[in-house]
Amino acid sequence: MSRRRQIYEGKAKILYEGPEPGTLIQYFKDDATAFNAQKKGTISGKGVLNNRISEHVFTLLGNIGVPHHFIRRLNMREQLIRQVEIVPIEVIVRNVAAGTLSKRLGIEEGTQLPRTLIEYCYKDDALGDPLVAEEHIACFNWCSQDELHDIQDMAIRINDFMSGMFAAVGIRLVDFKLEFGRLYEGDFSRIILADEISPDGCRLWDMTTNEKLDKDRFRRDLGGEVEAYQEVARRLGLLPEGGDNAVLDLESHRKKKGS
């Protein structure tokens with residue numbers, strides 16, 4: 001077999017040339033990074049769980065009419081996707097104050113926001129993905145006004161759906177990151193959802209205990225990353241109920257930390 005040609009390697013995924021023109025194979029790694037890759041580590045099995053969770057969420061979003069790049073899952077770590085031109089903007093959708101928002105504005109973490117907040121960051125690791133305004137996006141032509149309207153509309157729709165989806169399984173959707181791309185069809189292009197949706201890019205808290213079920217466990221040295229990701233998958237029905245590998249046991253990690 002000829003080795004697939006690597007197109008791109010990011011912090012959490014590798015993109016390979018796909019079997020057909022206009023397709024790519026997206027490989028999910030176990031690598032974990034935080035603070036713009038200043039902190040690095042490995043969460044064993046993370047790639048497998050993120051692949052499955054992202055497949056599930058993208059499939060459900062497609063069912064409600066959100067266009068996306070996902071075609072199908074190929075195996076435990078890979079999925080077939082449509083090749084798009086990524087818009088160089090990270091879209092942050094916030095429902096609850098947490099993370100950098102709390103630090104920037106001095107808002108206590110966990111405070112419910114009076115309305116959903118959408119923020120934008122310029123995708124550039126060397127610059128630390130700086131926060132930008134709509135005026136920056138227009139000034140530097142990172143996307144057109146029509147494209148930004150499509151992005152905003154999809155972001156709100158995705159948030160409404162995912163908030164309900166997670167609430168139904170006892171999880172609070174605090175905030176999350178989205179990326180979008182241009183899918184070219186002849187001389188025209190349209191904006192579609194790209195990248196992934198998983199605990200790597202979402203803040204997910206247990207609605208009863210506020211237990212963190214996302215990458216903040218890695219960022220903040222809380223431990224129990226694998227168990228948290230497994231718990232999200234289990235609640236979404238992607239892991240069997242009662243399996244030893246699917247039981248959330250973060251209490252032991254708190255005791256080890258002396259908290």
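**Figure 1. Helix α1 (46-63) and the glycine after it.** In this predicted model, G65 follows α1 and has a positive phi, near 95°. Helices (H or I, at least four residues) and strands (E, at least two) are DSSP runs, numbered from the N terminus. Among the buried residues of α1 are L49, I53, V57, F58 and L61 (buried: under 20% relative accessible area, 1.4 Å probe, protein chains only). Residues are numbered from 1 along each chain as its sequence is written. Local features need pLDDT of at least 70, side-chain atom pairs count only at pLDDT 80 or more, and totals for chains, interfaces and linings use all residues, while side-chain values use heavy atoms, without hydrogens and water.

**Figure 2. The open sheet of five strands.** The strand order is β1-β2-β3-β7-β6, with antiparallel pairing (a pair needs at least two DSSP bridges). β1 (6-9) and β6 (70-73) each have a single partner strand, so one side of each lacks a neighbour in the sheet. Three bridges join β6 to β7 (residues 78-82), where F70 stands opposite I81.

**Figure 3. The largest nonpolar core, with 45 residues.** Such a core is a set of buried Ala, Val, Leu, Ile, Met, Phe, Trp, Tyr and Cys residues joined through side-chain atoms within 4.5 Å. α4 gives the largest share, eight residues. F166, among the residues with the most contacts inside the core, touches I171, L173, L204, V232 and L236, not counting residues up to four places away in sequence (contact: heavy atoms within 4.5 Å).

Key. Buried means under 20% relative accessible area, exposed over 50%, partly exposed in between (1.4 Å probe, protein chains only).
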